[in-house]
Amino acid sequence: MSITDPGTIDIIATRPGSRVVKLVVTDHLDWRDLDGHATLLRQKAFAYADFVESGGLGGVRTPAIPDEPEVVISVVAMHPPSREADAFLAEVAAEVRARGLGFEVQIRS
């Protein structure tokens, strides 16, 4: 499970008492190949959005999904984005938010 497998949700994370559900993209790639990395990340993020919009969360048993969840696509990356990658991430964030979902990027090196 990783950014390279757009057909799989890497991690679904919830916290007791919270309506937030994080769909986590695990991103181990660096940004040297901006176009390739961007393509994979866009595919994965939009696959996650499609999963939510199609009612996929209704079939999740573990973890328990709260009623009326606030869904956030959370990219957990090993490498900080370049300036060009930041611009790309801002575009993806806007597109995901336009679909009613949150978007965030966390760097975990």
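These legends accompany several close-up views of one predicted model.

Residues are numbered from 1 along each chain as its sequence is written. In this predicted model, local features need pLDDT of at least 70, side-chain atom pairs count only at pLDDT 80 or more, and totals for chains, interfaces and linings use all residues, while side-chain values use heavy atoms, with hydrogens and water left out.

**View 1. Helix 1 and its buried residues.**
Helices (H or I, at least four residues) and strands (E, at least two) are DSSP runs, numbered from the N terminus. Helix 1 covers residues 34-53. Its 20 residues should span 28 Å at 1.5 Å a residue, and the end C-alpha atoms of helix 1 are 28 Å apart, which agrees. The expected span is 1.5 Å times one less than the number of residues in the helix. Which residues of helix 1 are buried? They are H37, A38, L41, K44, A45, F46, Y48, A49 and V52. Buried means under 20% relative accessible area, exposed over 50%, and partly exposed in between (1.4 Å probe, protein chains only). The buried residues of helix 1 pack against strand 2, strand 3 and helix 2. Contact here means heavy atoms within 4.5 Å. G55 follows helix 1 and has a positive phi, near 85 degrees.

Helix 2 holds 16 residues, 83-98. They should span 22 Å at 1.5 Å a residue; the end C-alpha atoms are 23 Å apart, which agrees. A85, F88, L89, V92, A93 and V96 are the buried residues of helix 2. They cover an arc of only 145 degrees around the axis, which puts them on the same side of helix 2. The arc is that of the directions from the helix axis to the C-beta atoms. An α-helix has 3.6 residues a turn, so residues three or four places apart point the same way. What covers the buried residues of helix 2? The cover includes helix 1, strand 3 (70-77) and strand 4 (102-107). On the other side of helix 2, R83, E84 and A98 are exposed. A90 also lies in helix 2. At 47% relative accessibility, A90 counts as partly exposed. G100 follows helix 2, and its phi is positive, near 90 degrees.

**View 2. The largest pocket.**
A pocket is found on a 1 Å grid over the protein atoms alone: it is an open set of points where a 1.4 Å probe fits, with protein on both sides within 12 Å along at least five of seven lines. The largest pocket has a volume of about 200 Å³. That volume is the space filled by probe spheres set on the points, which are joined across faces, edges and corners. Lining residues have an atom within 4 Å of a point. How many residues line the largest pocket? There are 13, of which A13, T14, R15, K22 and Q106 lie nearest its centre. Strand 1 (11-14), strand 2 (20-27), strand 3 and strand 4 each give two or more residues to the lining. The lining divides into five nonpolar, four polar and four charged residues. Ala, Val, Leu, Ile, Met, Phe, Trp, Tyr, Cys and Pro count as nonpolar, Asp, Glu, Lys and Arg as charged, and the others, Gly among them, as polar.

**View 3. R15, between strand 1 and strand 2.**
R15 lies in the loop between strand 1 and strand 2. R15 counts as exposed, at 66% relative accessibility. From R15 to D27 is twelve residues in sequence and 22 Å in space, C-alpha to C-alpha.

**View 4. The loop between helix 1 and strand 3.**
P63 has its place in this loop. A cis peptide bond joins T62 and P63, with omega about 0 degrees. P63 touches I12 and T14, not counting residues up to four places away in sequence. P63 and K22 are 41 residues apart along the chain, and their C-alpha atoms are separated by 11 Å. E68 is found in the loop too. Although E68 is not a glycine, its phi is positive, about 50 degrees. E68 counts as exposed, at 62% relative accessibility.

**View 5. V72 in strand 3.**
V72 lies in strand 3. Is V72 buried or exposed? V72 is buried, with a relative accessible area of 16%. V72 touches V20, V21, K22, L23, G102, F103 and E104, not counting residues up to four places away in sequence. The C-alpha atoms of V72 and S82, ten residues apart along the chain, are separated by 23 Å.
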